[in-house]
Amino acid sequence: MAQDQELPRVFPRWSDRLQIKYMNPVVKPLSRFLPGMSVITHRGRKSGKPYETVVTTYRKGNQLSIALGHGKTDWAKNVLAAGEADVRLFRSELHVTNPRILPAGSGDTSLPLAVRLQNRKVAVLVTDIS
């Protein structure tokens, strides 16, 4: 999939900044107690600066999936460019590699059911847990 190709979204664009500025700082400290909530640590493509973003993850075996309800966001572009990231899932620290995007409607049966249902409308970032 092309790096700058637009992906389908279920959340309006105006909600992106709201979530980054207000929601993430509130949810981040609680993420280790909320089922499915994780913090992905990634580096900026240009600045190299480390960032932390709250995401909802789905694990199945050695794969971690994240539905891209906001489309291809900066954090997703950073992970794709770097080819890796670190994820705090509950109290576990995971290193993920080989990120790839499954387009909306791909119907990949290897995905967990919850994210497979979301994949009907949005793309999914899939990574391998190393």
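The radius of gyration is taken over C-alpha atoms, and the globule rule is 2.2 Å times the number of residues to the power 0.38.

**View 1. The whole chain.** With 130 residues, a compact globule would have a radius of gyration near 14 Å; the chain has 14 Å, which agrees. This is a predicted model: local features need pLDDT of at least 70, side-chain atom pairs count only at pLDDT 80 or more, and totals for chains, interfaces and linings use all residues. Residues are numbered from 1 along each chain as its sequence is written, and side-chain values use heavy atoms, with hydrogens and water left out. Along its principal axes the C-alpha trace spans about 35 × 30 × 25 Å. The chain has 3 helices and 6 strands. Helices (H or I, at least four residues) and strands (E, at least two) are DSSP runs, numbered from the N terminus. Their order from the N terminus is α-β-β-β-α-β-β-α-β.

**View 2. Surface and burial.** The accessible surface of the chain is about 7600 Å² (Shrake-Rupley method, 1.4 Å probe; for residues, only the protein chains shown count as cover). Carbon and sulfur atoms own 55% of that surface. Of the 130 residues, 40% count as buried. Buried means under 20% relative accessible area, exposed over 50%, and partly exposed in between (1.4 Å probe, protein chains only).

**View 3. The largest nonpolar core.** This core has 18 residues. A nonpolar core is a set of buried Ala, Val, Leu, Ile, Met, Phe, Trp, Tyr and Cys residues joined through side-chain atoms within 4.5 Å. Ile40, Leu68, Trp75 and Leu125 touch the most other members. At least two core residues come from each of strand 3 (63-67), helix 2 (74-82), strand 4 (84-89), strand 5 (92-102) and strand 6 (124-129). A second, separate core of 8 residues includes Tyr58, Ala67, Leu111 and Val122.

**View 4. Around Leu68.** Leaving aside residues up to four places away in sequence, Leu68 touches Leu7, Pro8, Trp75, Ala76, Ile101, Val122, Ala123, Val124 and Leu125. Contact means heavy atoms within 4.5 Å. Across the chain, residues 24 or more positions apart account for 60% of the contacts with a separation of 6 or more.

**View 5. A nonpolar surface patch.** Trp14, Leu18, Tyr22 and Met23 form this patch, with about 500 Å² of accessible area together. Patches are made of residues with over 30% relative accessible area and no salt bridge; like charges are joined within 9 Å, nonpolar side chains (Val, Leu, Ile, Met, Phe, Trp, Tyr) within 5 Å. Met23 lies in helix 1 (residues 14-27). Its relative accessibility is 47%, so Met23 counts as partly exposed.

**View 6. Salt bridges.** The structure holds 3 salt bridges. Each is a side-chain nitrogen of Lys or Arg within 4 Å of a carboxyl oxygen of Asp or Glu. Lys28 and Glu52 meet at 3.4 Å, N to O. Lys28 lies in the loop between helix 1 and strand 1 and Glu52 in strand 2, so the pair ties together parts 24 residues apart in sequence. Asp74 and Arg45 meet at 3.8 Å, N to O. Asp74 lies in helix 2 and Arg45 in the loop between strand 1 and strand 2, so this pair links parts 29 residues apart in sequence. In the bridge of Asp128 with Arg100, the closest N and O atoms are 3.1 Å apart.
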